[in-house]
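Please have the model open beside them as you read.

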Amino acid sequence: MTRIVTLGDSITLGMGDPAPGGGWRGWAWLLAAGLPKPELHNLAANGAQAKHVERDQLPNALLLRPHVASVVVGINDTLRAGFDPVRTGQATARTVAALTAGGATVITMRLPDPAQMFGLPSALARPLSRRMRAVNAELDRVAAHYGTVHWDASTDPETYDRRNWSVDRLHPNERGHRLIACRLWDRLQAAGVPVAERPGSEPTSPVPSRRDDALWMATKGTRWFVRRSVDLIPYMLFMAAREALVEQREWPAVPVPASAGPACQPPFADGAPVAGDAQAEPVTD
């Protein structure tokens, strides 16, 4: 039996890939089906940031004692006004460290740029892309330090293929979820993890019609847009205006350690976690 526990946000939850019987399926289910005698526990939640994964999902994940665990998080962190890439990296590092110490093979992912997925104008895209690069630098450091099974979705030539994304341009559709499952299956196999049959890459469910897409955007998509309008959109406009007036710099980046494992330097910018960055806060999508 292979016990796989998946932690993260709505992408890991499976949004964009409806299950035949209702709810969501997604890449986690597809990947688990490609492992020997799988037992899947998907703990992901809509709107989760790295601190929510550490606070809310990690304790349950450790109780399950997974053989394989995934930690795919960070996009929601970039979409919040209180963005801090170092804290995102620290929370992710603590989560990965705990899972690794429990004996799990941990999967991580370098994330795609939401500015490209949204198709934003360049003035809005630049600050959001800068945030994503900062988060990815932290995720790379965590992956290198702990030796995770790491996929770089940000530079994969198929990531930004419009055919792989739902109408909201934030969540993969079935084809996109199958792409993620196949890429991660390939990396697990290369890492020597026992696998079964590779997930199929072609969709098996009917492609949503334009009417289906329009209905989704008029209901669930509109609600998401209204919620994000409260913090994301005004802050993006502020970032764009600031960038037009003041020369912007990338967030400071510490080089990824040359080798993984306990012998590496601590994967934190200041050598220690920030205390209390997982304070109680509701998760919203």
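1. A word on the ground rules before we start. This is a predicted model, in which local features need pLDDT of at least 70, side-chain atom pairs count only at pLDDT 80 or more, and totals for chains, interfaces and linings use all residues. Residues are numbered from 1 along each chain as its sequence is written, and side-chain values use heavy atoms, with hydrogens and water left out.

2. Let us take the sheet as a whole. Five strands make up an open sheet with parallel pairing, in the order β2-β1-β3-β4-β5. The strands at the edges are β2 (38–42) and β5, each of which pairs on one side only. From one strand to the next, the twist averages 15 degrees. Strands here are DSSP runs of E with at least two residues, helices are runs of H or I with at least four, and both are numbered from the N terminus. Two strands count as paired if DSSP finds at least two bridges between them. As background, strands of a sheet pair through backbone hydrogen bonds, either parallel or antiparallel.

3. Now the individual pairings. Strand β1 (residues 2–8) is joined to β3 by five bridges in the parallel sense, and I4 stands opposite V68 of β3. Strand β3 (residues 68–72) also pairs in parallel with β4 (residues 105–110), over four bridges; there, S70 has I107 as its bridge partner. Four bridges then link β4 to the parallel strand β5 (residues 149–152), with D152 in β5 as the bridge partner of R110.

4. Two helices lie across the strands. Helix α3 (residues 50–64) lies across β1 and β2 and runs at about 175 degrees to β1. Helix α8 (residues 174–190) lies across β4 and β5, at about 140 degrees to β5. The axes are lines fitted to C-alpha atoms, for helices over the stretch in contact, and the angles run from 0 to 180 degrees between N-to-C directions. Contact means heavy atoms within 4.5 Å.

5. Does the length of helix α5 agree or disagree with what its residue count predicts? The 17 residues of α5 (residues 85–101) should span 24 Å at 1.5 Å a residue, and the end C-alpha atoms are 24 Å apart, so the two agree. The expected span is 1.5 Å times one less than the number of residues. At the start of α5, a side-chain oxygen of D84 comes to within 3.0 Å of the backbone nitrogen of V86. Buried residues of α5 include P85, T88, Q90, R94 and L99; buried means under 20% relative accessible area, exposed over 50%, and partly exposed in between (1.4 Å probe, protein chains only). After α5 comes G103, with a positive phi near 95 degrees.

6. Please look at two backbone angles as well. Most residues other than glycine have a negative phi. K37, in the loop between α2 (26–32) and β2, has a positive phi near 45 degrees and counts as exposed because its relative accessibility is 66%. R65, in the loop between α3 and β3, has a positive phi of about 50 degrees and is exposed, with a relative accessible area of 61%.

7. Finally, N76. This residue is found in helix α4 (residues 75–78) and is buried, with a relative accessible area of 8%. A polar atom of the N76 side chain lies 3.0 Å from the backbone oxygen of A48. Leaving aside residues up to four places away in sequence, N76 touches D9, G47, A48 and Q49.

Technical notes: A polar contact is a pair of N or O atoms within 3.5 Å; within protein, one must be able to donate a hydrogen and the other to accept it, and residues adjacent in sequence count only if both atoms are side-chain atoms.
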